[in-house]
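Work through these exercises with the sequence and the model side by side. Try each task before you read its solution.

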Amino acid sequence: MNKPYNDIKVFQRVATLVLAFLTVLALLPILLIFIASISDETELIRSGYTYFPAKLSLDSYYYMVKQSGMILRAYGVTVSVAVIGTLASLLFTTALAYPLARKDFRYRNALAFFVFFTMLFNGGVVSSYIMWTRVFGIKNTLVALIVPNYLVTAFNVFLVRNYYTNSIPDALIESAQIDGAGELTIFINIMIPLAVPAIATVSLFTAIIYWNDWVNGLYYITDAKLYGIQNLLIRIMNNIQFLKVSTNVALLGTQKVDLPGTSVRMAMAVIGILPIVIIYPFVQKYFIKGVVMGAVKG
Amino acid sequence: MQTRKPRKKSNTLPLLLIASPGIFYLIVNSYLPMFGVFLAFKDFNYFKGIFGSEWNGFENFRFLFRTRDALVMTRNTLAYNAVFIVLGTAAAVLVAVLMFELGKKRRVRLFQSALLLPNLLSWVVIGFIGYAYLNADTGFINKTVYKALGLPAVSWYSTPGPWPFILVLVHLWKVTGLSSVIYMASISGIDKGIFEAAQLDGATKLQQIVRITIPMLKPTIIILTLMAIGRIFYSDFGLFYQVPQNSGRLFDVTQTIDTYVYRGLMERNDVGMSAAAALYQSLVGFLLVLSANALVRKLNPENALF
């Protein structure tokens with residue numbers, strides 16, 4: 001019996017080594033932009049982005065604080081979009097999932113197919129774009145960042161539906177009905193409170209999607225005032241001077257502010273991922289649970 | 001005395017009302033654009049509008065498939081997805097098996113967190129990360145790696161050759177952690193007794209993996225692969241648009257159907273061609289999902305989507 005035991009030990013050591021190596025590979029790219037953002041500008045231009053900069057400096061962050069107007073504005077846009085989008089999405093999704101979980105609902109199958117079909121076929125971005133811009137006129141509005149594509153997805157609806165049917169016994173609904181509760185009461189007072197774990201997962205997914213979304217902005221926003229953080233990043237990647245143009249000259253007085261473009265670029269990227277990196281350790285559990293929940297059956 | 005069953009109040013209307021905001025949204029967001037596919041058969045003109053523009057039959061499709069673009073984008077979309085499916089599955093299964101063998105050790109949590117992190121970054125940020133490595137003047141590869149190796153600097157964003165490798169690497173970096181979670185859940189479902197019995201019979205860990213874990217994972221692998229094949233006509237717009245920084249010199253190896261549709265619509269203002277490409281993608285994609293599902297149904301009806 002000694003041999004298999006040793007075998008397990010050896011195997012676990014190898015597994016640890018391989019996974020540790022992959023972990024380093026996963027983190028190194030993210031580390032590079034962090035280090036680059038606190039590297040000295042002249043050093044960066046001389047020796048490029050590196051893990052071991054000869055000189056560190058917080059100039060890029062000082063610069064961004066001085067120019068914080070535009071960045072804060074973009075943050076404001078992204079935060080509003082993420083909060084409003086997530087709340088609206090939750091309301092729509094949990095409500096649409098509820099009738100799908102009721103076995104005595106007459107149009108249950110038809111409605112399920114109606115939702116499901118959106119996963120199979122779509123009209124494509126061209127007709128969506130023409131519709132949203134020509135018919136609904138949402139170009140350059142906050143609506144454009146919130147409404148198209150993400151508000152209700154079949155995936156989330158089925159995730160919540162499955163949670164309702166698997167975790168909330170029918171008897172509970174029946175007894176509420178006997179007590180004279182209407183459908184809306186049952187939905188609000190019973191289903192929503194009991195589905196909190198599923199709701200937490202869906203909100204997490206949705207909030208991340210809104211935070212990271214740049215596609216709606218790319219299609220529908222040309223007004224820089226409405227740029228969220230991701231679209232500001234795209235703009236800066238194409239033209240780092242964009243940060244400078246908006247500078248309020250009067251505010252800065254006569255003092256010339258040089259744009260440390262090479263490091264500021266990376267500092268901006270860091271600003272873009274900071275909230276995610278900060279909340280990640282706390283929400284990780286729900287995230288993994290959600291992935292498994294969604295994968296079991298769509 | 002008559003006993004009458006108390007008639008249950010119909011719940012149809014209240015339930016429909018509760019669902020109505022979601023139904024309305026899906027009609028607008030998903031169903032209306034389905035009817036918009038007729039744009040592919042029009043010579044769209046912004047001034048004449050959706051209904052005012054003239055019909056031109058299959059002209060857009062004829063033009064589209066006469067260009068080299070149609071071939072390039074179809075080839076790229078299919079080839080990248082094929083490589084992603086093969087390498088992505090292999091990497092995810094490997095990671096899942098290794099993590100599972102470590103059991104509930106503290107470090108598993110750490111590994112999993114780290115491997116999942118790239119998935120939470122936006123493609124824009126990943127584009128920035130790529131820039132930190134690949135930029136010709138200040139990139140890590142040119143300035144550090146190639147310098148150390150004594151190789152001449154490469155202008156990465158205008159050299160197509162290495163891009164297939166770069167894109168595959170970036171894709172694996174981003175998604176492996178996530179897909180391994182699914183395989184791990186599937187491995188946890190395997191009856192522990194089988195492993196114990198094998199161990200009693202003197203099977204080594206490696207033998208257990210090859211003879212038990214992998215075969216037990218086969219249904220999951222097959223189902224996920226078939227579902228991926230159903231989506232093989234769709235590409236990740238962010239990967240192919242942000243990571244190559246929209247560089248025109250790279251289109252030959254980075255253009256997919258999704259980037260082509262975007263560029264046609266937003267950059268070349270060619271709504272008709274773009275709509276034709278989008279419809280081509282939707283239709284072939286639809287047929288592929290249906291066939292993939294039919295196959296899954298045959299193999300294992302429980303896992304079929306419908």
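**Exercise 1. Find what covers the buried residues of α5(A).**

Solution. Start with the cover: it includes α4 and α8 (154–167) of chain A together with α1 of chain B. Helices here are DSSP runs (H or I, at least four residues; strands are E, at least two), numbered from the N terminus. Contact means that two C-beta atoms, placed from the backbone, lie within 7 Å. Next, pick out the buried residues: L111(A), F114(A) and V115(A) are among the residues of α5(A) that are buried. A residue is buried if 20 or more other C-beta atoms lie within 10 Å of its own, exposed if 12 or fewer, and partly exposed in between.

Now check the helix length. Helix α5 covers residues 108–120 of chain A, 13 residues in total. From first C-alpha to last it reaches 19 Å, close to the 18 Å expected at 1.5 Å a residue. The expected span is 1.5 Å times one less than the number of residues.

Before going on, note the ground rules. This is a predicted model: local features need pLDDT of at least 70, side-chain atom pairs count only at pLDDT 80 or more, and totals for chains, interfaces and linings use all residues. Residues are numbered from 1 along each chain as its sequence is written, while chains are lettered from A and ligands numbered from 1 in the order in which they are written.

**Exercise 2. Describe the side of chain B that touches chain A.**

Solution. Count the contacts: 74 residues of chain B meet 82 residues of chain A. Helix α1 (residues 12–35) of chain B gives the most to this side of chain B, with 15 residues. Then sort this side by type: 49 nonpolar, 21 polar and 4 charged. Ala, Val, Leu, Ile, Met, Phe, Trp, Tyr, Cys and Pro count as nonpolar, Asp, Glu, Lys and Arg as charged, and the others, Gly among them, as polar.

**Exercise 3. Which residues have the most contacts inside the largest nonpolar core?**

Solution. They are V126(A), F128(B) and A132(B), in a core of 152 residues. Such a core is a set of buried Ala, Val, Leu, Ile, Met, Phe, Trp, Tyr and Cys residues joined through C-beta atoms within 7 Å. Helix α4 (residues 68–101) of chain A gives the most to this core, with 12 residues.

Follow A132(B). Beyond four places in sequence, its contacts include L32(A), I33(A), A36(A), Y49(A) and M266(A). In chain B, A132(B) touches G139(B) and F140(B). A132(B) is one of the buried residues of α6(B). In that helix, 12 of 12 residues are buried.

**Exercise 4. Why does N231(A) count as buried?**

Solution. Locate N231(A) in helix α13 (residues 229–238) of chain A. It counts as buried because it has 24 C-beta neighbours inside 10 Å. Leaving aside neighbours within four places in sequence, N231(A) is in contact with W214(A), G217(A), L218(A) and I221(A). N231(A) and G217(A) are 14 residues apart along the chain, yet their C-alpha atoms are separated by 6.3 Å.

**Exercise 5. Judge the confidence in chain A.**

Solution. Its mean pLDDT is 88, and 91% of its residues reach 70 or more. pLDDT is the predictor's confidence in each residue, from 0 to 100. Now look at residues 247–256 of chain A, where pLDDT is below 50. Beyond near neighbours in sequence, this stretch has 3 contacts in the model.
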